[in-house]
Amino acid sequence: MVIHLIHVTEQGIHKNVFCPIEVQVPEVNYLGVVTDQFAQWEAARAADIAAERTLKQQHLLSAELCQRFMAEMLDVMGDTVDGARVIKAL
């Protein structure tokens, strides 16, 4: 998937970055089965939170924004989906 981070202010678009990422979720972890519906819900929720956190960062280059986004998303997903990974897509 490609995440499009856009920070819009009253003055216009402040940041506009494309981040190609891949979210990997185990089918089963120590808590049991991880359904596709649950994984998709958690990935969407984590992406929203990660985007908000990332776009608050000042003076980061595009690559740094993508790296920060992936780290933030993994941090959020790790709380609810043990074994999840967020990596750069090829």
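**Disulfide, core and pocket of a predicted model**

The count of disulfides, taken as pairs of cysteine sulfur atoms within 2.5 Å, comes to 1. This disulfide is formed by Cys19 and Cys66, whose sulfur atoms are 2.1 Å apart. It links distant parts of the chain, with Cys19 in strand S2 and Cys66 in helix H2, 47 residues apart. The torsion about the S-S bond of Cys19 and Cys66 is about -90°, so the disulfide is left-handed. Both cysteines, Cys19 and Cys66, are buried; buried means under 20% relative accessible area, exposed over 50%, and partly exposed in between, with a 1.4 Å probe and protein chains only.

The structure is a predicted model, in which local features need pLDDT of at least 70 and side-chain atom pairs count only at pLDDT 80 or more, while totals for chains, interfaces and linings use all residues. Residues are numbered from 1 along each chain as its sequence is written, and side-chain values use heavy atoms, with hydrogens and water left out.

The protein chain contains 2 helices and 5 strands, which are DSSP runs numbered from the N terminus (helices H or I, at least four residues; strands E, at least two). Along the sequence, the pattern is β-β-β-β-α-α-β. The C-alpha atoms fill a box of roughly 50 × 25 × 15 Å along the principal axes. Of the 90 residues in the protein chain, 32% are buried. Contact means heavy atoms within 4.5 Å; among contacts between residues at least 6 apart in sequence, 56% join residues at least 24 apart.

In soluble globular proteins, nonpolar side chains tend to be buried together. A nonpolar core is defined as a set of buried Ala, Val, Leu, Ile, Met, Phe, Trp, Tyr and Cys residues joined through side-chain atoms within 4.5 Å. The largest such core has 23 residues, of which Leu5, Cys19, Ile21, Phe69, Met73 and Met77 touch the most other members. Strand S1 (2-9), strand S2 (12-24), H1 and helix H2 (62-78) each supply at least two residues of this core. Not counting residues up to four places away in sequence, Met73 touches Ile21, Val23, Ala43, Ala46, Ala47, Ala50 and Val86.

Two loop residues may be set side by side. Ala84 lies in the loop between H2 and strand S5 (85-88) and, at 10% relative accessibility, counts as buried. Apart from neighbours within four places in sequence, Ala84 is in contact with Gln24, Val25, Pro26, Leu74 and Met77. Ala84 and Ser62 are 22 residues apart in sequence and 24 Å apart in space, C-alpha to C-alpha. His59 lies in the loop between H1 and H2 and counts as exposed, at 76% relative accessibility. Although His59 is not a glycine, it has a positive phi of about 60°.

The largest pocket has a volume of about 170 Å³. A pocket is an open set of points on a 1 Å grid over the protein atoms alone where a 1.4 Å probe fits, with protein on both sides within 12 Å along at least five of seven lines; lining residues have an atom within 4 Å of a point. The volume is the space filled by probe spheres set on the points. The lining consists of Met1, Val23, Val25, Pro26, Glu27, Val34, Thr35, Asp36, Ala39, Gln40 and Ala43. Its largest share, 4 residues, comes from helix H1 (residues 36-55). By class, the lining has 7 nonpolar, 2 polar and 2 charged residues, where Ala, Val, Leu, Ile, Met, Phe, Trp, Tyr, Cys and Pro count as nonpolar, Asp, Glu, Lys and Arg as charged, and the others, Gly among them, as polar.
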